[in-house]
Amino acid sequence: MHNNKEILRNNEEIRRLLVGDKMSLYDQLGGEGTISQVVADFYDRVSTHEVTSKWFVKVDPDTLRHHLRTYLAVALGGPELYSGRSMRNAHGPLKITTEAFDTMLRCFAEAFDGLGVPATMSTQVNARLNSLRAVVVTSHRA
Ligand code: HEM
């Protein structure tokens, strides 16, 4: 049985040996520190925005921020482990609209922009998150 530390070490070895020095988006952004800041800023925006706030009234912000941080890190090529649900299971019952999804992407872009991340990079992050649209958006009313 491998423990988490060993799993991470093995993952790092694969990256070192096979991925080489091609920098992941995670590293280009500045790693864990930048992602934490982006998620904190993003969460403030999305949980107070008139289009999206209603979805966040009953959630526990600390738990969701933690899951968002690790999800984003893994999605951008970072070494973290995401331990939350699949995107389909987490969002399936929430009847999320296209408008809410677009607002969320804009909140991410604004958070990156506010931290001085170049638009060339936040555009790539958005493109990656945009590929989740079909799974996350389940209300086809708007
Ligand atoms: C690319 C888009 C998105 C990503 C990457 C994402 C990511 C996540 C993650 C990682 C979780 C945690 C899952 C867990 O706790 O097991 C989550 C939960 C949640 N997301 Fe999203 N999300 C996205 C879009 C949206 C949108 C557009 C909304 C609504 C406006 C939304 C509302 C929520 C809510 C309310 C929860 C908490 C659900 C619960 O605790 O039952 N998400 N999301």
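**Entry 1: the ligand shell.** I sorted the residues of the shell around the ligand by type and found 15 nonpolar, 4 polar and 1 charged, where Ala, Val, Leu, Ile, Met, Phe, Trp, Tyr, Cys and Pro count as nonpolar, Asp, Glu, Lys and Arg as charged, and the others, Gly among them, as polar. I note that this is a predicted model, in which local features need pLDDT of at least 70 and side-chain atom pairs count only at pLDDT 80 or more, while totals for chains, interfaces and linings use all residues. Residues are numbered from 1 along each chain as its sequence is written.

I then looked up which of the 20 residues around the ligand come nearest, and these are His-67, Tyr-71, Gly-84, Arg-85 and Ala-90; a residue is near a molecule if its C-beta atom, placed from the backbone, lies within 6 Å of it. Two or more residues of the shell are given by each of α4 (61-75), α5 (87-91) and α6 (98-114), and α4 supplies the largest share, 4 residues.

**Entry 2: the whole chain.** I found 8 helices and 0 strands in the chain, with helices taken as DSSP runs of H or I of at least four residues, strands as runs of E of at least two, both numbered from the N terminus. The C-alpha trace of the chain spans about 50 × 40 × 25 Å along its principal axes.

**Entry 3: helix α3.** I checked the length of α3 (residues 31-48): at 1.5 Å a residue its 18 residues should span 26 Å, and the end C-alpha atoms are 26 Å apart, which agrees; the expected span is 1.5 Å times one less than the number of residues. I listed the buried residues of α3 as Ile-35, Val-38, Val-39, Phe-42, Tyr-43 and Val-46. They cover an arc of only 135 degrees around the axis, which puts them on the same side of α3, the arc being that of the directions from the helix axis to the C-beta atoms. A residue is buried if 20 or more other C-beta atoms lie within 10 Å of its own, exposed if 12 or fewer, and partly exposed in between. On the other side of α3 I found Gly-33 and Thr-48 exposed.

**Entry 4: Lys-95.** I looked up Lys-95 in the loop between α5 and α6, and its phi is positive, about 50 degrees, although Lys-95 is not a glycine. Most residues other than glycine have a negative phi. I also noted that Lys-95 is partly exposed, with 13 other C-beta atoms within 10 Å.
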